[in-house]
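Work through the exercises below with the sequence and the model open. Each task is followed by a solution in steps.

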Amino acid sequence: MKKKNVNKLLALGLVSAMTAGMLAGCGNTASTTTDKGAADTTVTEATDDKTSTDTAKADNGEVPTLIWWSIGGTPPDDFDKTIAEISDYTEEKIGVRIDVKIASWADWATKMNNIVNTGEYFDLMFVNNTNYSKFVNLNALENITDLVQSETPDLYGFIPQELWDGVKIHNNVYAVPTYKDSSMTQFWMLDDTYVQKYNIDVEGIKDFATLNDALQTIKEGEGKSVYPMKLAQGSTFNGFFNGYDDLAGGVSAIGVWYEDEERKVVSLLEQDDVKEKLNWLHKWYQDGIINPDANVVTDGGKQSIFGSAQGWPAAATTWAFNNGIDKYDLTQVFGPMYATGTIQGSMNAISANSKYKAEALKVLELMNTDSKFRDMCAYGTEGNYMKYSEDGTVQKLRDDWNWPSYTQGTFFILSTQTDGDPDAWEQVKKQNETAVSSTCLGFALDITDIQNEVANCNMVWDKYKNDMLTGASDPETAVPACIEELKAAGLDKVIEEAQRQIDEFFAK
């Protein structure tokens, strides 16, 4: 497999998403799902947009407040107060304030879809490869191809051209990519307390079978009341479909195996390796390794003995802290791999209806060029959520800041944590430099002609995903039922169109 030279891509991100209440970062939560709703709705662009920060005033003469939708956990009680304090800084620096709204991991996809389809006002929105192309095709996101260069040249120059190219749709840019780890590497982890107690060889765990041995050992030793793997809606088994390029089209349940030189688009649920892993999940659910309410609760809670996350080794410190664990021991189980979807795993877009498009870009420029603002958004305010050590590193005082850093901006200017690994960014650069490329790298599916079928298929997947990816449903019955409904919803047409586009794209 050809390696991708990414010396220009200084990998700077945190985690993607973690299993079961350990969601310390990422774009995708645990599964390749997308949101519900009518995909053929068109959003009409506002006619009274303002695109100059020279007079950043709302219509009533007040300093404008930009509404920014993102994803995360349950907000702490003082979240709005803290955002107001952060806004004092943005008002001082660029003359605007921000109103950050967090949708839960479980509700984010549906909530963002509803916002777009109902025309609810917003200025900024975190998007990823599950909804980006769809929202572009709904005319919900502003084309910033020229505006980002004219209004925020420092932002445009800071982010490598490869990333700008990676987020293009119809040869235009509709979102600012998060300049971080652009390749994907999957890690599994176990609480070191249990690793030592049961003498588990963590590095020897490389697949579901060897993971099963470790989980069964812990379960047998700890008893019925302990569930080593905590899952929930919106935080199902992270990285379950690793190895399949999702084609960056926001289409659930299809993909291309990343090493397949023929680039054959397949129905994921019909693949033997996927079915085998679903059987493992169901077994763990039956064995009491997975919590019995995983498919119905929206938060699996903290202190999960097992976790799965995308990131790099040094990120384990953050994963452990956020989950209330002293130490996690890691094993790398997949990657690093480049795909269009890995670049599109974290982006921030501007609403086509925003009255403050240039101001919104200024906020994103500040996020990627001002270390003080970057630290406040990533860790919370100084003295409340964190404090600086003498060496300039950050010591976290609380673990309930719920705005994930990976959704915000680069880590290149972000202060590292006092108890973190000083080689973290070197680890990320190494992963990017050694990453293999998906055979479909550079391709992004255009769903314009299959919007209804995609929406219908995604609705079917949403119906089944939480039960399947928490192990609650029996694959022997659930998989055939889901496939039947997917085909009735137009899955074969989606696969056919995706295959046509891929063949045409790579024939050039």
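Two residues are in contact when heavy atoms of theirs lie within 4.5 Å. The model is predicted.

**Exercise 1. Overview**

Task: State how many helices and strands the protein has, and what share of its residues is buried.

Solution. 
- Step 1. The protein has 17 helices and 16 strands.
- Step 2. Of its 508 residues, 60% are buried.
- Step 3. Take the contacts between residues at least 6 apart in sequence: 79% of them join residues at least 24 apart.

**Exercise 2. The surroundings of His282**

Task: Find the element that holds His282, decide whether His282 is buried or exposed, and list what His282 is in contact with beyond its neighbours within four places in sequence.

Solution. 
- Step 1. Helix H9, residues 272-286, contains His282.
- Step 2. The relative accessible area of His282 is 11%. Buried means under 20%, so His282 is buried.
- Step 3. With neighbours within four places in sequence set aside, the contacts of His282 are Gly471, Ala472, Ser473, Asp474 and Pro475.

**Exercise 3. Helices H12 and H13**

Task: Describe how helix H12 (residues 357-369) and helix H13 (residues 371-379) cross, and explain why H13 is called largely enclosed.

Solution. 
- Step 1. The two axes come within 6 Å and cross at roughly 95 degrees.
- Step 2. H12 is therefore roughly perpendicular to H13.
- Step 3. H12 brings Val363, Leu366, Met367 and Thr369 to the contact, and H13 brings Ser371, Phe373, Arg374 and Cys377.
- Step 4. Sorted by class, the contact between H12 and H13 has five nonpolar, two polar and one charged residues.
- Step 5. Seven of the nine residues of H13 are buried, so H13 is largely enclosed by the rest of the structure.
- Step 6. The buried residues of H13 are Phe373, Arg374, Asp375, Met376, Cys377, Ala378 and Tyr379. One of them, Cys377, has 0% relative accessibility.
- Step 7. The cover over these residues includes helix H1 (79-94), strand E2 (97-104), H12, strand E14 (386-388) and strand E15 (394-396).

**Exercise 4. A four-stranded sheet**

Task: Give the strand order of the open sheet of four strands, and say which strands stand at its edges.

Solution. 
- Step 1. The order is E11-E7-E12-E16, with mixed pairing.
- Step 2. E11 (306-310) and E16 (436-437) are the edge strands; each has a single partner strand, so one side of each lacks a neighbour in the sheet.
- Step 3. E7 (residues 184-191) pairs with E12 (residues 328-338) in the antiparallel sense, over seven bridges. Met189 has Leu330 of E12 as its bridge partner.
- Step 4. Helix H8 (residues 208-222) packs on the sheet and touches E7 and E11; the directions of H8 and E7 make about 20 degrees.
- Step 5. Helix H14 (residues 424-434) lies across E7, E12 and E16, at about 40 degrees to E12.

**Exercise 5. Strand E13**

Solution. 
- Step 1. Strand E3 (residues 124-127) runs antiparallel to E13 and is joined to E13 by four bridges.

**Exercise 6. Cysteines**

Task: How many disulfides does the structure hold, and how far from Cys482 is the nearest cysteine sulfur?

Solution. 
- Step 1. The structure holds zero disulfides.
- Step 2. For Cys482, the nearest cysteine sulfur is that of Cys457, 9.3 Å away. A disulfide needs the two sulfur atoms within 2.5 Å, and Cys482 is in none.
- Step 3. Cys482 is buried, at 0% relative accessible area.

Definitions and conventions:
Residues numbered from 1 in each chain as written. Predicted model: local features only at pLDDT ≥ 70, side-chain atom pairs only at ≥ 80, totals over all residues. Heavy atoms only, no water. Buried < 20%, exposed > 50% of the residue type's maximum accessible area, 1.4 Å probe, protein only. Axes fitted to C-alpha atoms, helices over the stretch in contact; angles between N-to-C directions. Helix = DSSP H or I, 4+ residues; strand = E, 2+ residues; numbered from the N terminus. Parallel < 35°, antiparallel > 145°, perpendicular 65-115°, else oblique. Nonpolar A, V, L, I, M, F, W, Y, C, P; charged D, E, K, R; others polar. Pairing = 2+ DSSP bridges.
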